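Please open the model in your viewer and keep a selection panel at hand. The stops below go from one group of residues to the next.

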Amino acid sequence: MDKSSTMYSVREFGNTCLLYSLDDVLRFGELLNIPQADERNRVVERKEVPLFDARAYSEAVINAFVHNKWVDGNGPMFTGFKDRIEILSRGVLPPKQTIEGFYAGESVPVNEALSKIFIQLHITEHTGRGIPKITSVYGKENVKIKENNILVTIPYNRLELAEYGTTNVPVDVPVDAPVDVPVDASVGASNIITDKVKLVLEFCRKPRGILEIADYLGYKDKRSVRRILNPLLEEGRIAMTVPDKPNSSLQKYITIS
């Protein structure tokens, strides 16, 4: 694959509050999970299919943070590949936990104080149903207990886009997110994202409203468009025509680089 066709950016999730890092990793998952337009068996409206199950991803990320063995100085690691995301937390099951209980969702926290904070903030539940939620979608084979870590694999539900005349194949997306150590994570966006970015940049050579962009891309809502627009705004590749009023009904977006 021609590397020049791939958009790269740098993300740092460390050197900040653990809760901020958690939020950043969850938001980054939203960015990666660009909806795929499913034209199969279309009657009137086409269906949008996410690349992976957002709820399972969130549960896996939260579990990785709350059950990671932070005392060793290493944070959890999140690595993206062409066909999956791997979420690795350091450490092993707590002494009172069994493998059967782990998969059944019996809550035995590794970090009791951290677990209480997450429960008080309604990030997690007392019931510890995170693992069953993941396995109900992807099966127990994608949650592996290893010697020194626990690895959750979130496979991509990638459509056979070749049917539609394109080969949108995600590239490697390494994302490592320890909290107390500076981390520069090289992030390779998928061709799905890259293709949409190219379309937006070309379409916005003239000022365009968000609904115009959504219609042009074939999206049904603004949220999907903002997942593409927000990184472009941060990178300075597009600009708002009414920058002092981001939510203005007259707001449009124009390509500047």
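Begin by selecting Phe52, Val61, Phe65, Ile85, Ile87, Phe118 and Ile154, which touch the most other members among the 33 residues of the largest nonpolar core; such a core is a set of buried Ala, Val, Leu, Ile, Met, Phe, Trp, Tyr and Cys residues joined through side-chain atoms within 4.5 Å, with buried meaning under 20% relative accessible area and exposed over 50% (1.4 Å probe, protein chains only). The model is a predicted one, in which local features need pLDDT of at least 70 and side-chain atom pairs count only at pLDDT 80 or more, while totals for chains, interfaces and linings use all residues. Residues are numbered from 1 along each chain as its sequence is written, and side-chain values use heavy atoms, leaving out hydrogens and water.

Next, colour helix 2 (54-66), which with eight residues gives the most to this core; helices are DSSP runs of H or I with at least four residues, numbered from the N terminus.

Then centre on Ile87, which, leaving aside neighbours within four places in sequence, is in contact (heavy atoms within 4.5 Å) with residues including Tyr57, Val61, Phe78 and Ile154.

Move on to helix 4 (residues 112-120), whose buried residues are Leu114, Ser115 and Phe118. They lie on the same side of helix 4 because the directions from the helix axis to their C-beta atoms cover an arc of only 100°. These buried residues pack against helix 1 (18-32) and helix 2, whereas the face turned away from them carries the exposed Glu112, Ala113 and Gln120.

Conventions:
Helix = DSSP H or I, 4+ residues; strand = E, 2+ residues; numbered from the N terminus.
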